[in-house]
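Dear colleague,

I am passing on the structure below, and my notes on it follow. Please read them with the model open beside you.

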Amino acid sequence: MNTISPGLSITKCLADSFRVWIRYLPTLSIASALAIGVSAGTGTLLLGCLHAGLIVMLLKGMRGEKPRVGDTFSCLRLFLRFLGITLLVTVLVTVGLILLVVPGILFAVWCSYVYILAADQNMSL
């Protein structure tokens, strides 16, 4: 069963994502709490991988597949890729904020899709 409405509009995107969030609320909540705990326990070293795992869960829900709590750890095999992405995004945003606040905000917005593309489309740096 596909939960995504045909066509593209901001209203449909928000409605579809809210519907997926409500439908899988217990699973997503447990996975989020687990990701926060593991990330804090590792000094945020695994933050990029766990963030990507949560993205994979949400994308599965949007595609009509059932997300599992284990999907949170599905991107751990790509640890070096997400570590590199996290370091690059951190450097870009920090340099942008040092130069002026606006470039830092722009870099943060531009880089917000990097994890989604890397997790979903298997892209790298």
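Just after helix H3, Gly64 adopts a positive phi of about 90°; helices here (H or I, at least four residues) are DSSP runs numbered from the N terminus. This is a predicted model, in which local features need pLDDT of at least 70 and side-chain atom pairs count only at pLDDT 80 or more, whereas totals for chains, interfaces and linings use all residues. Residues are numbered from 1 along each chain as its sequence is written, and side-chain values use heavy atoms, with hydrogens and water left out.

H3 itself has 16 residues and reaches 23 Å from its first C-alpha to its last, close to the 22 Å expected at 1.5 Å a residue (the expected span being 1.5 Å times one less than the number of residues). Twelve of these 16 residues are buried, so H3 is largely enclosed by the rest of the structure; buried means under 20% relative accessible area, exposed over 50% and partly exposed in between, with a 1.4 Å probe and protein chains only. The cover over the buried residues of H3 includes helix H1 (10–23), H2, H4 and H6.

The axes of H2 and H3 (residues 47–62) come within 9 Å and cross at roughly 175°, which makes H2 roughly antiparallel to H3. Axes are lines fitted to C-alpha atoms, for helices over the stretch in contact, with angles from 0 to 180 degrees between N-to-C directions; under 35 degrees counts as roughly parallel, over 145 as roughly antiparallel, 65 to 115 as roughly perpendicular and the rest as oblique. On the H2 side the contact (heavy atoms within 4.5 Å) involves residues including Thr27, Leu28 and Ala31, and on the H3 side residues including Leu50, Leu54 and Met57.

Thr27, in helix H2 (residues 25–41), counts as buried at 19% relative accessibility. Leaving aside neighbours within four places in sequence, Thr27 is in contact with Met57, Pro67, Arg68 and Val69.

Finally, the structure holds two aromatic pairs, where rings of Phe, Tyr and Trp (its six-membered ring) pair if their centres lie within 6.5 Å, and planes under 30 degrees apart count as stacked, over 60 as edge-to-face and the rest as tilted. In one of them, the ring centres of Phe82 and Tyr115 are 6.2 Å apart and the planes lie at 5°, so the pair is stacked. Because Phe82 lies in helix H4 (residues 79–99) and Tyr115 in helix H6 (residues 114–120), the pair ties together parts that are 33 residues apart in sequence. Phe82 and Tyr115 are both buried.

With best regards

Technical notes. Helices (H or I, at least four residues) and strands (E, at least two) are DSSP runs, numbered from the N terminus.
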